[in-house]
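Open your viewer and get your selection tool ready.

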Amino acid sequence: MAESEQNPEHFLELIRRSKRGKFKIYIGMSAGVGKTYRMLQEAHVLLHNGVDIQIGYVETHNRKETNDLLEGVIVIPRRKLFYKGKELEEMDLQAILNIHPEIVVVDELAHSNIEGSKNEKRWQDVKEILDAGINVISAVNIQHIESLNKEIKEITGIEVSERIPDKVLHSADEVVNIDLTADELITRLKEGKIYDQSKIETALQNFFKAEKILQLREFALREVTRQVERKIETEVPRNIALRHEKFLACISSNTENSKMIIRKTARLAAYYNSKWYVLYVQTNKENADNIGLAVQRHLINNFKMATELGAEVIKVRSENVAKAIIETAEQKEATTICIGKPHLSLIRIIISTNIFNQLLKKLSASDIDLVILS
């Protein structure tokens, strides 16, 4: 019997999972595809079937057809609070937990809560709701997925500040893509179904261009496909032995490149539904006395981002970077090591040591793949 099967904490975790609420996410390529509308449509169907479903938070943006669907569904009053002299409204987490409906609808999953709220992000509120055994239907746009941040910025030219860790999406029991063609979405915009008339022309000149919409649509379709593949891997019995991928991302104090390595490895791990690690080898040149406070802060932020994306962060002190990578890969049974392009300082450190050839030989002999990320 495996050690985890004998462990009382493992059994307790199984019980907690069984009591956790089910989580459904509607995902779309942009605002205006109809995620909120679809959630409210589903709420009416469930109500008709006698299900206790209530609205924790929805944002209709004053769209008439969406507002009309609020009729007949119980809306849990929002919590009012003052921030910088203004009265603002937030979803009332405690009220939802107290009322404990069978299902609650929570819109805008990536929303940042007002300062003074219990949790910093709405997805953290949703986690508490799920842990309380309440089922949740929620929605998010593809540009709010953390590991896609850089690619989305390159496509749209916009830095998306409100993001959710990939693990939130991966924790969903069901992910449904609300798909429209680029022409359909642009038509909805021109008809005033997304923004006020005063904003339409600006939107058409910026975000709502066909080539941008198509790329975002591809991201959304690909993400849902991967979610289905993850469910197949975990829920459909297989009669063949599978190689269980494990990724080891190797980073240095080079901030931007480290972010890229972390995000791309997160995407790879998400695709294979696999465990992954982030390794930082600290040499004497990179100890606290030899690198600036700004670099130290960036490192800490990178560790935090990696953790939020689902990685286990490993910090090792060694003057032999290549050897530390090999030993960590073997210890964690990694199948793939991910490093940056040769101009990175990490690669220069490896090449400057005489163990580089040993690294390549070891990887070849142990069937560990090496991926150089661009």
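Is Glu 218 buried, exposed or partly exposed? Select Glu 218 and you will find that this residue is partly exposed, with a relative accessible area of 44%. Here buried means under 20% relative accessible area, exposed means over 50%, and partly exposed lies in between (1.4 Å probe, protein chains only).

Before moving on, note that this is a predicted model: local features need pLDDT of at least 70, side-chain atom pairs count only at pLDDT 80 or more, and totals for chains, interfaces and linings use all residues. Residues are numbered from 1 along each chain as its sequence is written, and side-chain values use heavy atoms, with hydrogens and water left out.

**Stop one: salt bridges**

The term covers a side-chain nitrogen of Lys or Arg within 4 Å of a carboxyl oxygen of Asp or Glu. Both residues belong to helix H11 (residues 210-235), where being 4 residues apart separates them by about one helical turn. Helices (H or I, at least four residues) and strands (E, at least two) are DSSP runs, numbered from the N terminus. Arg 222 is partly exposed as well, at 31% relative accessible area.

Next, pick Glu 223 and Arg 267, a salt bridge with its closest N and O atoms 2.7 Å apart. This pair links distant parts of the chain, 44 residues apart, with Glu 223 in H11 and Arg 267 in helix H12 (residues 255-272). Glu 223 is buried at 2% relative accessible area, and Arg 267 also counts as buried, at 10%. For a network, select Glu 146, Lys 153, Glu 159, Arg 163 and Arg 263, which are joined by salt bridges that share partners.

The structure holds 20 salt bridges. Another of them runs between Glu 128 and Lys 118, with the closest N and O atoms 2.9 Å apart. Glu 128 lies in helix H6 (residues 122-131) and Lys 118 in the loop between strand S5 (103-106) and H6, so the pair ties together parts 10 residues apart in sequence.

**Stop two: strand S1**

Now select residues 23-28, strand S1, where 6 of 6 residues are buried. Phe 23, Ile 25 and Ile 27 point one way, while Lys 24, Tyr 26 and Gly 28 point the other way. Show the neighbours too: S1 runs parallel to strand S6 (residues 135-141), joined by 6 bridges, and Ile 27 has Val 140 as its bridge partner there. S1 also pairs in the parallel sense with strand S7 (residues 174-178) over 5 bridges; strands pair if DSSP finds at least two bridges between them.

**Stop three: rings**

How many aromatic pairs are there? The count comes to 5, taking rings of Phe, Tyr and Trp (its six-membered ring) with centres within 6.5 Å; planes under 30 degrees apart count as stacked, over 60 as edge-to-face and the rest as tilted. Select Tyr 195 and Phe 208: the ring centres are 5.9 Å apart and the planes at 90 degrees, so the pair is edge-to-face. Tyr 195 is partly exposed at 30% relative accessible area, whereas Phe 208 counts as buried at 2%.
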